[in-house]
Amino acid sequence: MGLRDVGVGLVRRFLKVPIEARIGPIRHRAAHRRMLLAIRTLPDAIEEIHGRHGASAAPAATSPVFVLSAGWRSGSTLLQRLVMSAEEILVWGEPYDRCGYIQRLAETLQALGSEWPPDRFFLTAREETGSTDHSNEWVANLYPALADLRASHRAFFDRLFLDPAKDRGYQRWGLKEVRLSAEHAAYLKWLYPNARFLFLVRDPLAAYKSYRIFRPWYDRWPESPVLTPGAFGRHWAGIAESFLQGHVELDARLIRFEDLIGGQTEIGELSTYLDLDLDPEVLGRRVTGRGTATLADVPAVEYRLLRRAVEPVASSLGYDLSA
């Protein structure tokens, strides 16, 4: 044995073995880091699995309406009420928001793609070869088809939202949320190809000025309370930027709150897009669930932190926070 072999053996004994006993094999750690870097975005994952094993199932007959706003105090409830002025639709309001069902179920798709699961894991792939005696096969990994996975996701939301709406005489359903991005909208469109999306934004300074008297609310419960102007601004900017980048591909309507209440949003066009008879008079009727409150001016230090968090997205949407 040469000196080099002796050196390698000593390094292994006194460095590698004790280290790997504590953190695991180094090569596996490296492989895990590479995997984390390669995790797909939701739209990319959906695109990859869309055609596998019948995963592009027939479009759902229902056409829900999703009212998504960039954070809190952006007028989403007003827009929700406008949609519900068409009496055939029930729009749920931030249903089970702490549970984060949409976000969490959507995240599960990021594990899927063209390489995983392997085709041999699917029962349908075995059936195509004429296999029927599964008790004499290696079945440690045996999966339903991706089309069944997709149908099960849709069945969850149908049972939770569609069925209770129909039980009360509504023909259609929708929901309003303040935490969902355009990526989540891509997931919902994967489940409901006929869905309609309204993306709402508001001047982040005005929204924060209203929000700061109600805080804390959660981006994701319980680990992500939105306590600071920076956290509020990052939440707003992340969602608003996704709306800007994704609304065309998703055939969504991007609406500024200021245009909605100022008469610049064409309600007739929205009615046509949603296939609903909307009543614009709703926009003139003030309804509040928390009473009236006097909004204090935002302190200068909070304003600076907010502006730092929301730019340049705010400017891209036509909001001037330079004052």
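The paragraphs below go through backbone geometry and surface patches in this structure.

The model is a predicted one, in which local features need pLDDT of at least 70 and side-chain atom pairs count only at pLDDT 80 or more, while totals for chains, interfaces and linings use all residues. Residues are numbered from 1 along each chain as its sequence is written, and side-chain values use heavy atoms, with hydrogens and water left out.

Most residues other than glycine have a negative phi, and most peptide bonds are trans. Against that background, the bond that joins W116 and P117 is cis, with omega about 0°, and P117 lies in the loop between α5 (101-108) and α6 (123-128); helices here are DSSP runs of H or I with at least four residues, strands are runs of E with at least two, and both are numbered from the N terminus. A cis peptide bond also joins W221 and P222, where omega is about 5°, and P222 is placed in the loop between β5 (217-220) and β6 (224-226).

Turning to phi, R73 is not a glycine and yet has a positive phi of about 55°. R73 sits in the loop between β1 (65-69) and α4 (76-84), and its relative accessible area of 33% makes it partly exposed, a class that falls between buried (under 20%) and exposed (over 50%), with a 1.4 Å probe and protein chains only. D251, likewise a residue other than glycine, has a positive phi near 55°; it is found in the loop between α10 (229-246) and β7 (253-256) and, at 39% relative accessibility, counts as partly exposed.

On the surface, D44, E47, E183 and E249 gather in a patch of negative charge. Patches are made of residues with over 30% relative accessible area and no salt bridge, like charges being joined within 9 Å and nonpolar side chains (Val, Leu, Ile, Met, Phe, Trp, Tyr) within 5 Å; a salt bridge is a side-chain nitrogen of Lys or Arg within 4 Å of a carboxyl oxygen of Asp or Glu. Within this group, D44 belongs to helix α3 (residues 42-49) and is partly exposed, with a relative accessible area of 39%.

Y96, Y101 and F156 make a nonpolar surface patch of about 300 Å², the area coming from the Shrake-Rupley method with a 1.4 Å probe. Of these residues, Y96 is located in the loop between β2 (89-93) and α5, and with a relative accessible area of 52% Y96 is exposed.

Note on methods. Lys, Arg positive; Asp, Glu negative; His and termini not counted. Charge placed at Lys NZ, Arg CZ, Asp CG, Glu CD.
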